[in-house]
Amino acid sequence: MFRAPFWRAVAACAVTAISIIVTLSAAPRLGLDLRGGTQLVFETRDAPTVKADAAATDRALSVLRQRADALGVVDPTLVRSGERRIIVELPGVLDPRQAAEIIGRTAQLTFHSVLGAAGEGDEGAVRDDMGGWVRLGPAVITGDGVRDAAERSDPQRGPGWWVGLDFREEGPWRKLTAEAACHPYDDPRRRVAIVLDQEVISSPPVDPSIPCGSGIPGGSSEITGSFTHEEARDLAVLIKGGALPVPLDLVSQRTVGPTLGEAAIEASAKAAVAGLILTAVFIVAVYRLAGLLSVIALVCYGLISYAALVAMGATFTLPGLAGFVLAIGMAIDANVLVYERTREEYGRAPRRGLRAALRQGFRKAWSAVADSNVTTLIAAGLLFWLASGPVKGFGVTLAVGVLASLVSAMLITRVLTHAVMGRVGPRLSGLATTGTVRTWLARRNPQLMRRRTLWLAIAGGLAAVAVAGLLVRGLNFGVEFTGGRLVEFGTARPVAADAASQAVTRAGVPAAVVQSTGDGVSVRAAGLGLEEVARIEQELERQAGEVTKRREEFIGPSLGEELRRNALIALGVAVAMQLLYLAVRFRWTFGAAAVLALVVDATLVVGMFAWLGKPVDGVFLAAMLTVVGYSVNDKVVVFDRVRELWAARRREPFAAAVNGAILETMPRTVNTGLGALFILLALTVFGGDSLRDFAIALVAGIVFGTLSSAFVAGPLAIWLGRFDRRPPPEPARPRTDRAPRGTGAVV
């Protein structure tokens, strides 16, 4: 007859084979922070005659796409975000001034007759392209009447460039030039004014060869002037792209140099390899052959999660790569839970053999694995829902990693262990011994919950120190939350902090926050414009030789306020959803204890960043939500065991069940925490400045979260248990493994 192990093996092979095929046949899609380029976020505004709704934003998006294509950008990405925002990604474009000016300019093009000369203070007077003042008639032709525009030059006509225009209809242009030709050549009324964004860019006179009343035939014309090739091309792009239906405001801009992206990919690859090696060595040392099998499953996990991201068309960003590397350490958690359960089952009944112990280990570990992964998925979903930019990529990567870890541990590891464990001795398996931590705890049997008041007092004191940091030092919010511009320059020679500050002051930005590292300078200010950035770059070149712009980020004040609000909403919703889930899955006292301990964890991490002056930005938000997921993950495992022990020891005090659960789950907690810390250590060493603060926040969160599970959540659950009138849970019905029927042959 068909057996479940056979079909599990088939499923494991199929998933692995499909992942290999996808990995070899599809290339990953890299974000701008990895391949270099500029991202612009525009927000549409209401015009006097047009409301900036979704339809108007879609029309503006079409115009922007034509402009990006006309600029020759390879593989540009333009999407509407919400009702009024447009995200434009331009790979390879490293000059944000050019990108913002050409892509987002309103470009209201009109053609007018000139009514005559005017004085500077006259009503309705405008300055023409020659510096004089004229009065214009109403618009005769708009940008919609232009069929094509292109930059042109002709050596026979001499040096210089002009823009050739082709009109959709010959009549309006011919009528306009016919009326102008009726005036003397030196009369301003013989000129035709071409106006772009309410500025006269050209006002050529009609050629003397054109008789009065006949006009220029053919439906074409030229815009002449002292244009360079780039100026003529940019003007042609604006005209050909057409006028935007509504005005645009630039609310966010990010520019990343290609060298920084290459360095980030290399650093993440090194961190992944180093972290995987450290984790593999650790898990093999602890669990021997079973650990080696889990390492094989861990490699399959990396393959499955990478293939899933590629198949989804997900964009790999720098925080996303960090999430991918971090998920390797978190993926070992399910294996550790199963192995520790198997050790317990084998210790109770060694005569039944390793296979029976493994079956019980997988079955009893499933509830803790499922609950802990659901809490992490909640955090990942909030990141995708409320975060923006690259941090969304972190949320996607984290969610895919959680699902892939379930497949890796509960399918691939299960197939491998069941295939091998029955054929090796107990000592070689690594699952027949209780382990060093468990042996020490069994011998000492520390009664941690007898001093629960002391643990809560210590936690309260640490939280008070953290809150004091928030009140005294405050948080160093990045431009993502405050608005402003941040620019990172790479320098050929090291520049002292004082010299860099003086250079920025000479550039006209004395209020900027300037930081100097070994080979770079970062400048941050609220009112820092593109012209000031160019001046700062020139001043730094005098100090340090060649200067390259590594990264530039601009966040408008309205977007900064929105991101800050969303960050608070994300953390609040995360805490509320964890409380709701735990209250439904367990009981309200467990959920409240876990959430209060979680608040202590978050307060300690935020307070530490306040005292250290570390930046608080979108990447920090990703770290905090990951800490929320990990912290609740750890407490779910503890409370899952509390529920089991409390049901089995209904006559003993509740505090004894909590103490026993903490001691029994401590080997899993230590081994999982060390596996994640190995990965974070690799990120700290290889990740560079951009990921070092991310890793620091996670290291602190894991340490605080692990300790709070025992010394905060446990005592709080005991204290809150006084208000819970529900009786202890009923013990689970004993479940016996049925012997397989028949011979076991597969037909």
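I looked up helix 19 and helix 20 (residues 654–686) first: they pack at an angle of about 140 degrees, with their axes 8 Å apart. Because angles under 35 degrees count as roughly parallel, over 145 as roughly antiparallel, 65 to 115 as roughly perpendicular and the rest as oblique, helix 19 is oblique to helix 20. Axes here are lines fitted to C-alpha atoms, for helices over the stretch in contact, and angles run from 0 to 180 degrees between N-to-C directions.

The model is predicted; local features need pLDDT of at least 70, side-chain atom pairs count only at pLDDT 80 or more, and totals for chains, interfaces and linings use all residues. Residues are numbered from 1 along each chain as its sequence is written, and side-chain values use heavy atoms, with hydrogens and water left out.

Nonpolar covers Ala, Val, Leu, Ile, Met, Phe, Trp, Tyr, Cys and Pro; charged covers Asp, Glu, Lys and Arg; the others, Gly among them, are polar.

Next I checked helix 18 (residues 588–612) against helix 19 (residues 618–648): the angle is about 150 degrees and the axes are 9 Å apart. That makes helix 18 roughly antiparallel to helix 19. Helix 18 passes helix 19 in a right-handed crossing. Among the residues in contact are Phe590, Leu598, Asp601 and Phe609 of helix 18, and Phe620, Met624, Lys635 and Trp646 of helix 19. The classes come to 16 nonpolar, 1 polar and 2 charged residues.

I moved on to Arg288, which lies in helix 7 (residues 258–312). At 35% relative accessibility it counts as partly exposed (buried is under 20% relative accessible area, exposed over 50%, partly exposed in between; 1.4 Å probe, protein chains only). Leaving out residues up to four places away in sequence, Arg288 touches Ile283, Arg427, Leu428, Ser429 and Gly430. Arg288 and Leu428 are 140 residues apart in sequence, yet 6.6 Å apart C-alpha to C-alpha.

Last, I took the chain totals. I found 21 helices and 20 strands (DSSP runs numbered from the N terminus: helices H or I, at least four residues; strands E, at least two). Buried residues make up 50% of the 747 residues.

Conventions: Contact = heavy atoms within 4.5 Å. Left-handed = near helix turned anticlockwise from the far one by under 90°.
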